[in-house]
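Visitor: Could you take me through this model? I would like to start with a single residue and then move on to the helices.

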Amino acid sequence: MKNLALPSGICYNQGMNLEWVRIDETLEMAKYPVTNAEYAEWLASLPPDEAERFYSPLMEEHFFGGIRHDFSVKPGYERLPVVFVSWFDAQTFAAAHGCRLPDAVEWRKAAAWNAKLRKFARYATGFDETPSRQEVNCYDALAGWALPPPHIAAVDWYRPSGPCG
């Protein structure tokens, strides 16, 4: 997994309590989401009964899913982000790799904080302009999906954005 530094400093928390928040340490955050290939490799490394706790049948049955029940990856799904993983399962995966999940302020800062302007961008692309279909994966009632089936972009599909790229 490629990591990027999330610089320390003050940012505005636009959550429930609109307030300035200081992140006192430089944090590392994965540049890309966990892929099906990475998650399947981890599942295969676990004892079978333990791996079953972190596997959902939807990973194979649903067309968004990319991991078979034998923990092999469906062809073409290797670089797609893993789906049907609970927050608790993601937390366990992260801990097994010496990491943790970011909290809400860290996540928001990584996605959209503009340190030069000292403000959040309107969108998680890092910009205030409405994103185009080339910048975000979305569904439009008139135009349909931005991407062909399975409608999920590879982890490095979109251009870098936000303060961490």
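**A buried histidine, then the helices**

Guide: His151 counts as buried, at 12% relative accessibility; buried means under 20% relative accessible area, exposed over 50%, and partly exposed in between, with a 1.4 Å probe and protein chains only. His151 lies in the segment after β8 (144–145). Please note that this is a predicted model, in which local features need pLDDT of at least 70 and side-chain atom pairs count only at pLDDT 80 or more, while totals for chains, interfaces and linings use all residues. Residues are numbered from 1 along each chain as its sequence is written, and side-chain values use heavy atoms, with hydrogens and water left out.

Visitor: Which residues is His151 in contact with, leaving aside its neighbours within four places in sequence?

Guide: They are Phe63, Phe64, Asn137 and Trp145. Contact means heavy atoms within 4.5 Å.

Visitor: On to α1. Which of its residues are buried?

Guide: Asn36, Tyr39, Ala40, Trp42 and Leu43 are buried in α1. Helices are DSSP runs of H or I with at least four residues, strands are runs of E with at least two, and both are numbered from the N terminus. The arc is that of the directions from the helix axis to the C-beta atoms.

Visitor: And what does the face turned away from that buried side carry?

Guide: That face of α1 carries the exposed residues Glu41, Ala44 and Ser45.

Visitor: What do the buried residues of α1 pack against?

Guide: They pack against α2, α3 and α4.

Visitor: Take α4, then. At what angle do the axes of α1 and α4 cross?

Guide: The axes of α1 (residues 36–45) and α4 (residues 87–96) cross at roughly 80° and come within 12 Å. That makes α1 roughly perpendicular to α4. Axes are lines fitted to C-alpha atoms, for helices over the stretch in contact, and angles run from 0 to 180 degrees between N-to-C directions. Angles under 35 degrees count as roughly parallel, over 145 as roughly antiparallel, 65 to 115 as roughly perpendicular and the rest as oblique.

Visitor: Which residues make the contact?

Guide: From α1 they are Glu38, Tyr39 and Trp42, and from α4 they are Asp89, Thr92, Phe93 and Ala96.

Visitor: Which residues of α4 are buried?

Guide: Asp89, Phe93 and Ala94 are the buried residues of α4. They span an arc of only 140° around the axis, which places them on the same side of α4. What covers them includes α1 and α2 (48–53). The face turned away from the buried side of α4 carries the exposed residues Phe88 and Ala95.

Visitor: Which residues touch the most other members in the largest nonpolar core?

Guide: Tyr39, Trp42, Leu43 and Ile67 do, in a core of 18 residues. A nonpolar core is a set of buried Ala, Val, Leu, Ile, Met, Phe, Trp, Tyr and Cys residues joined through side-chain atoms within 4.5 Å. Helix α1 gives the most to this core, with four residues. A second, separate core of five residues includes Ala111, Trp113, Phe120 and Ala121.
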